[in-house]
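Me: I would like to learn how to read the features of a model like this one. Could you take me through it step by step?

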Amino acid sequence: MKKMEEYVRAIPDFPEPGIIFRDVTSVLQDPEGLKLAIDSMIGLLEGVEFDVIAGTESRGFMFGVPIAYQLGKSFVPVRKKGKLPCETISAKYDLEYGSAEIEMHKDAIKPGQKVVLVDDLIATGGTLAASVKLIEQLGGEVVKVVLLMELAGLKGREKLEGYEVVSVITYEGN
């Protein structure tokens, strides 16, 4: 059986020279790779008690929904600003070159719910830190952050200090 790392395509010098882009689409396009990714992420939740999975747009949806389905949990999307139809709360965060804003429906998380936050990758950690802020603003408790990949060299984990953050694959560089 192949290891998870073997399904991730590495693209050198994208989006700029010196960067190695870790492409998750190669995982999604391979039935065995996708199954291994979902099963591996579910394995990181063994023994964790929680009520709901929240996933960030858009690759957090791709991994969060099948995990929620398999574990019999609900799924809450964390979306880019302007994409949700009902009343929302929002959080802004910094990107490498600018800023962005994400939203959740005001009724997405009920006070006291235990939440697992899912995404494909943590790089600088801005999106995930903003997502945690929204979940907590609604009264939820983030009990774990589960990722397929971590780019440890970008130190995104530091923005989530105090939270349990786990990944299937850790790349030491950026």
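Me: Let me start with strand S8: how many of its 11 residues are buried?

Reply: Burial is judged by relative accessible area: under 20% is buried, over 50% exposed, and partly exposed lies in between, using a 1.4 Å probe and protein chains only. In S8, 10 of the 11 residues are buried, so this strand is largely enclosed by the rest of the structure. Keep in mind that the model is predicted: local features need pLDDT of at least 70, side-chain atom pairs count only at pLDDT 80 or more, and totals for chains, interfaces and linings use all residues. Residues are numbered from 1 along each chain as its sequence is written, and side-chain values use heavy atoms, with hydrogens and water left out.

Me: Which strand pairs with S8 in the parallel sense?

Reply: Strands (E, at least two residues) and helices (H or I, at least four) are DSSP runs numbered from the N terminus, and two strands pair if DSSP finds at least two bridges between them. S7 is parallel to S8, and eight bridges connect them. Within this pairing, Val-118 faces Val-146 of S8.

Me: What is the strand order of the open sheet?

Reply: The sheet has seven strands in the order S5-S6-S4-S3-S7-S8-S9, and its pairing is mixed. S5 and strand S9 (165-171) are the edges; each has a single partner strand, so one side of each is left without a neighbour in the sheet. On average, neighbouring strands here are turned by 20° against each other, direction ignored; such angles come from axes fitted to C-alpha atoms (for helices over the stretch in contact) and run from 0 to 180 degrees between N-to-C directions.

Me: How are S5 and S6 joined?

Reply: By a hairpin with two residues between the strands. S5 covers residues 88-95 and S6 residues 98-105, and they are antiparallel over eight bridges. Ser-90 has Glu-103 in S6 as its bridge partner. S6 also runs antiparallel to S4, joined by two bridges, and there Arg-79 stands opposite Glu-103.

Me: How many salt bridges does the structure hold?

Reply: A salt bridge is a side-chain nitrogen of Lys or Arg within 4 Å of a carboxyl oxygen of Asp or Glu. The structure holds 10 of them. One of these pairs Asp-23 with Arg-9, with the closest N and O atoms 2.6 Å apart. That pair links distant parts of the chain, since Asp-23 sits in strand S2 (residues 20-23) and Arg-9 in strand S1 (residues 9-12), 14 residues apart. Asp-23 is buried at 9% relative accessible area, whereas Arg-9 is partly exposed at 38%.

Me: Where are the cis peptide bonds?

Reply: One joins Phe-14 and Pro-15, with omega about 5°, and Pro-15 is in the loop between S1 and S2. Another joins Glu-57 and Ser-58, with omega about -10°; Ser-58 is in the loop between S3 and H3. Glu-57 also forms a salt bridge with Arg-79, the closest N and O atoms being 2.8 Å apart.

Me: What residues lie nearest the centre of the largest pocket?

Reply: A pocket is an open set of points on a 1 Å grid over the protein atoms alone, where a 1.4 Å probe fits, with protein on both sides within 12 Å along at least five of seven lines; lining residues have an atom within 4 Å of a point. Phe-21, Arg-59, Leu-121, Ala-123 and Thr-124 lie nearest the centre, among 37 lining residues.
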